[in-house]
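Subject: A structure for you to look at

Hi,

Here is the model I promised to pass on. Please open it alongside this message, and I will walk you through what turned up.

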Amino acid sequence: MNIYPKLKGQSALVTGANSGIGKAVAIALANEGANVVVNYVTHPEAADDVVSEIKNNNGNAIAIKADVSKETEVQLMFQKMFETYGTIDILVNNAGIQKDSAFENMTLADWQLVININLTGQFLCAREAVKEFLRRGIVKERSCAAGKIICMSSVHQVIPWAGHVNYATSKGGIELMMKSLAQELAPKKIRVNAIGPGAIQTPINTSAWSTPDALNKLLTLIPYGRIGQPEDIGKVAVWLASDESDYLNGTTVFADGGMLLYPGFSTNG
Ligand SMILES: NC(=O)c1ccc[n+]([C@@H]2O[C@H](COP(=O)([O-])OP(=O)(O)OC[C@H]3O[C@@H](n4cnc5c(N)ncnc54)[C@H](O)[C@@H]3O)[C@@H](O)[C@H]2O)c1
């Protein structure tokens, strides 16, 4: 743990925290002194590994199983978190999936699965967190906000994505859910922001980086010339969760190596 932790005594819930970006975010928040709930739905052993890594670094963490798209499971997860840590200060709505196909072949089941996990899951978790933020209010010793929500969005809340219509739709939805929530809750001193990662090297997009050809093709979309690492996003999450970003509300921070800079136009279109 850092010597001067920025999130000391705060409690954080990170959904989908046994893999990729969620794992890095959970570890980064714990490093800054937060008690962290490592949510998972499959692979409990991977969640246990994240908890062990945090504990080995003198942090606090527990793993809690819940499918974020199921209302009762989400409510139970929050109950368990409150039994252990008493409250919640930071929610990182990270869990997400892709179920790609050409649009004409996209089944209703694949559409609903992605919307249910990526968008409805964020709604269900945010609602439970907000109830607790409103009940508890500000605890000055921990933070000047009554609560912070960070929604994991994507550059695909802006960039359309052929072959991934369900996914891009879920991320577009997250943007306006996040902004509407931020507008509604700002007077209560609750901050709601999003992170828009570009291409980050995780299991969700293995096919985009696992061969030299695929990686080279991907790099043509990234002006900064490297694929992102989960830790790049962990650092942004720490900042958005901390009082250092206290005046940010309703904003998406894009961490994308410049992917949103229309690299195709860099040689004059
Ligand atoms: N990797 C990227 O390039 C990238 C880019 C932009 C946005 N994102 C977003 O970042 C988030 C994390 O993705 P990642 O890249 O780390 O992928 P990942 O596959 O490594 O992690 C996704 C996590 O979500 C969990 N999850 C899936 N369904 C769940 C459910 N129903 N309930 C609870 N947890 C569930 C998975 O178990 C896993 O832990 C996603 O929202 C994704 O859309 C990723």
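Strands and helices here are DSSP runs numbered from the N terminus, with E over at least two residues for strands and H or I over at least four residues for helices.

A word on the source: this is a predicted model, in which local features need pLDDT of at least 70 and side-chain atom pairs count only at pLDDT 80 or more, while totals for chains, interfaces and linings use all residues. Residues are numbered from 1 along each chain as its sequence is written, and side-chain values use heavy atoms, with hydrogens and water left out.

**Around β4**

Strand β1 (residues 11-14) runs parallel to β4, joined by 3 bridges; two strands count as paired if DSSP finds at least two bridges between them. β4 also pairs with strand β5 (residues 147-152), again in the parallel sense, over 4 bridges. There, Leu 91 has Ile 149 as its bridge partner. Between β4 and β5 the chain passes through helix α4 (residues 108-136), in a right-handed β-α-β crossover (with the strands pointing away from the viewer, the path from the first strand over the helix to the second runs clockwise).

Within β4 (residues 90-93), Ile 90 and Val 92 point one way, Leu 91 and Asn 93 the other, and all are buried (under 20% relative accessible area, with a 1.4 Å probe and protein chains only).

**The whole sheet**

The open sheet has 7 strands in the order β3-β2-β1-β4-β5-β6-β7, with parallel pairing. β3 (60-65) and β7 (252-255) are the edge strands, each pairing on one side only.

On the other pairing of β1, 4 bridges join it in parallel to strand β2 (residues 35-40), where Leu 13 stands opposite Val 37.

**Thr 15**

Is Thr 15 buried or exposed? Thr 15 is buried, at a relative accessible area of 1%, and sits in the loop between β1 and α1 (20-31). A polar atom of its side chain lies 2.8 Å from the backbone nitrogen of Ala 95. Leaving aside neighbours within four places in sequence, Thr 15 is in contact (heavy atoms within 4.5 Å) with residues including Asn 39, Val 68, Val 92, Asn 93 and Cys 125.

Happy browsing, and do write back with any questions!

Best wishes

Methods:
Buried means under 20% relative accessible area, exposed over 50%, partly exposed in between (1.4 Å probe, protein chains only). A polar contact is a pair of N or O atoms within 3.5 Å; within protein, one must be able to donate a hydrogen and the other to accept it, and residues adjacent in sequence count only if both atoms are side-chain atoms.
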